[in-house]
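Colleague: I am new to this structure and would be grateful for a close look at one part of it. Please describe the ligand site.

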Amino acid sequence: MIILSKCSPIRQILRRCHRQAVENSSKQANLTAYLGKWPEKEQQEFRQHMRIITDFISETEEQQLHEEIEPYISRLRYEFDHWDDAIHGFRETERKKWFPQNREILERVRQVAFDGAIMPYVHILDLAPDGVIKPHVDSTRYCGNTISGISLLSDSVMRLVRTDAQRYQQKSSGTAAAEPESESKGSEPDAAYRHQPKASLENNFYADLLLPRRSLYIMSHTARYNFTHEILAKEQSEFQGTPVPKTRRISIICRNEP
Ligand code: OGA
Ligand code: MN
């Protein structure tokens, strides 16, 4: 077990991220670790299509969002039953009508992350401290080329692993996209929304992203279609060798239409 020293570099990054003053661009480079052998062109594209904006919301705004969500989400039970599901130890809901101050935050998300409109129902995912989002690709049938997420309450590590483009064909436009039937699990809703193609770390390339609490990530195009995404379980939650403690995490996810 690695002891997380008070002045470890990752701690310092996180601490700096939690301060408003620092320029975003100077911090962003430190939040992505490229692992495996990346073809130059793929990495260039990935840089454009997977972005993290730290301190996207203030502490007050985080609290405002949490206060609106908590009464609804706390009535639901965390799902730990289905081991096959893409997400384990979570509860989720959707919300269309938001308090004005939170609507304003979502409008900011739309402006920064999307070309046009976002889907009217915003997805709220509450991941228990023991919860995990396993590697998956959001279905092209239900979700367009961009997915954004605000992280509340906890830092976490998101991993994006290159899928085998030959085996797992995703088209960049949702209409008539060839869904990989062999990967889907039939009628369960989770299976329809989230496909779990096999993507191994061996002989492959992938990226670990440090998602600080209150950051916004924007995952689009290549990053959205050609990579699985996952949130590492608390036992695996480390970034470049330094543990990143993950507690309960709520994400507010906006998507556009296919
Ligand atoms: C999902 C997902 C990521 C997140 O719900 O499909 O990948 O940030 N969520 O919670
Ligand atoms: Mn997803």
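Modeller: The space taken by ligand 1 is the largest cavity; on a 1 Å grid over the protein atoms alone, a cavity is a set of points where a 1.4 Å probe fits but cannot get out. A molecule sits in a cavity if more than half of its atoms lie within 2 Å of its grid points. This is a predicted model, in which local features need pLDDT of at least 70, side-chain atom pairs count only at pLDDT 80 or more, and totals for chains, interfaces and linings use all residues. Residues are numbered from 1 along each chain as its sequence is written, chains are lettered from A and ligands numbered from 1 in the order in which they are written, and side-chain values use heavy atoms, with hydrogens and water left out.

Around ligand 1 there are 13 residues, of which R194, Y217, H229, R249 and S251 are the closest; a residue is near a molecule if one of its heavy atoms lies within 4 Å of it. By class, this shell has 5 nonpolar, 4 polar and 4 charged residues (Ala, Val, Leu, Ile, Met, Phe, Trp, Tyr, Cys and Pro count as nonpolar, Asp, Glu, Lys and Arg as charged, and the others, Gly among them, as polar). Strand 4 (122–138) and strand 13 (249–255) each supply at least two shell residues, and strand 4 gives the most, with 5 residues; strands are DSSP runs (E, at least two residues), numbered from the N terminus.

Oxygen atoms of ligand 1 lie 2.8 Å from a polar side-chain atom of R194, 2.9 Å from one of H229 and 2.6 Å from one of S251. Taken alone, ligand 1 exposes 290 Å², and the protein buries 99% of that (Shrake-Rupley method, 1.4 Å probe).

How values were computed
A polar contact is a pair of N or O atoms within 3.5 Å; within protein, one must be able to donate a hydrogen and the other to accept it, and residues adjacent in sequence count only if both atoms are side-chain atoms. On a 1 Å grid over the protein atoms alone, a cavity is a set of points where a 1.4 Å probe fits but cannot get out, and a pocket is an open set with protein on both sides within 12 Å along at least five of seven lines; lining residues have an atom within 4 Å of a point. Helices (H or I, at least four residues) and strands (E, at least two) are DSSP runs, numbered from the N terminus.
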